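Biologist: I have just opened this entry and would appreciate a guided tour. Could we go through it piece by piece?

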Amino acid sequence: MSRIGKLPIELPQGVEVKVEGHTVTVKGPLGTEVVEVRPEISVKVEDNHVVLTPNNDERKTNALHGLMRTLVANAVKGVKDGFEKKLEIVGVGYRANMEGTKLNMALGYSHPVVIEPPAGITISVEANTKVSVKGSNKQMVGDIAALIRSKRPPEVYKGKGVKYEGEYIRRKAGKAGKK
């Protein structure tokens, strides 16, 4: 049995979970998330806790047990508190601003880079060089943050580009000068 899968998920105040077949619907103050649970795993809501149990003792089922428990726990946390990824833009002339709901970035190309967030994701810009991606779905927040970073990943010589907040960029020495 999976160690992570064995742990019950505690439901915080204001979050309700409904189980219909293999579909788990989580409702909270920040929205609604739907998680499709594999048929090898059964889900029960018992006195303010969600418990996932495997239907058999196969190796694959144990791996799925931990995965499904984590997906449901992320849905619970997402509708209660939400998820956030912060990015930093480094480089002379590199900046970002919001045009309505769209993120408009100048990243050294001859054209602006425009990203429109999907429903459920909000993007905000602080101080022209700090971008924040928020939402209730952890996977979507990470995907949009990775999309923004992929438009100009940090380079190894000067560190210019879009990086995650706190990300360490391993620097390379430039060419050695003639002596």
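Biologist: To begin, how many bridges pair S2 and strand S3 (residues 23-28), and in which sense?

Modeller: Please keep in mind that this is a predicted model. S2 and S3 are joined by five bridges in the antiparallel sense.

Biologist: Let me change topic to pockets. What is the volume of the largest pocket?

Modeller: The volume of the largest pocket is about 240 Å³. Its lining consists of 13 residues, and those nearest the centre are Val 35, Leu 71, Asn 137, Lys 138 and Gln 139.

Biologist: Which elements give two or more residues to that lining?

Modeller: They are strand S4 (31-36), helix H2 (59-80) and H3. S4 provides the largest share, with four residues.

Biologist: And how do the lining residues divide into nonpolar, polar and charged?

Modeller: Six are nonpolar, four are polar and three are charged.

Biologist: H3 is new to me. Where does helix H3 pack, and which strands does it touch?

Modeller: An open sheet of four strands, with antiparallel pairing, has the order S11-S12-S7-S13. Its edges are strand S11 (121-126) and strand S13 (161-164); each of these has a single partner strand, so one side of each is left without a neighbour in the sheet. On average, neighbouring strands here are turned by 25 degrees against each other, direction ignored. Helix H3 (residues 138-150) packs on this sheet and touches strand S7 (83-90), S11, S12 and S13. The angle between the directions of H3 and S7 is about 5 degrees.

Biologist: How many bridges join S11 to strand S12?

Modeller: Six bridges join S11 to S12 (residues 130-135), and the two strands run antiparallel. Within this pairing, Val 125 has Val 131 as its bridge partner in S12.

Biologist: What is the phi of Ala 127, and where is Ala 127 found?

Modeller: Ala 127 is found in the loop between S11 and S12, and its phi is near 60 degrees, a positive value in a residue other than glycine. As background, most residues other than glycine have a negative phi. Asn 128 is placed in the loop between S11 and S12 as well, with a positive phi near 65 degrees.

Biologist: Is Ala 127 buried or exposed?

Modeller: Ala 127 is exposed, because its relative accessible area is 66% and the cut-off for exposed is over 50%. Asn 128 counts as partly exposed, at 43%.

Biologist: One last topic, hairpins. How many residues lie between S8 and S9 in their hairpin?

Modeller: Two residues lie between them, and Gly 100 in the turn has a positive phi of about 75 degrees. Strand S8 (residues 95-99) and strand S9 (residues 102-106) run antiparallel and are joined by five bridges. Ala 96 stands opposite Met 105 in S9.

Biologist: And what do S9 and S10 form?

Modeller: S9 and S10 form a hairpin with six residues between them, and Gly 108 in that turn has a positive phi of about 85 degrees. S9 pairs with strand S10 (residues 113-115) over three bridges in the antiparallel sense. In this pairing, Asn 104 stands opposite Val 114 in S10.

Methods: Residues are numbered from 1 along each chain as its sequence is written. This is a predicted model: local features need pLDDT of at least 70, side-chain atom pairs count only at pLDDT 80 or more; totals for chains, interfaces and linings use all residues. Side-chain values use heavy atoms; hydrogens and water are left out. Two strands pair if DSSP finds at least two bridges between them. Axes are lines fitted to C-alpha atoms, for helices over the stretch in contact, and angles run from 0 to 180 degrees between N-to-C directions. Contact means heavy atoms within 4.5 Å. On a 1 Å grid over the protein atoms alone, a cavity is a set of points where a 1.4 Å probe fits but cannot get out, and a pocket is an open set with protein on both sides within 12 Å along at least five of seven lines; lining residues have an atom within 4 Å of a point. Grid points are joined across faces, edges and corners, and a volume is the space filled by probe spheres set on the points. Ala, Val, Leu, Ile, Met, Phe, Trp, Tyr, Cys and Pro count as nonpolar, Asp, Glu, Lys and Arg as charged, and the others, Gly among them, as polar. Buried means under 20% relative accessible area, exposed over 50%, partly exposed in between (1.4 Å probe, protein chains only).
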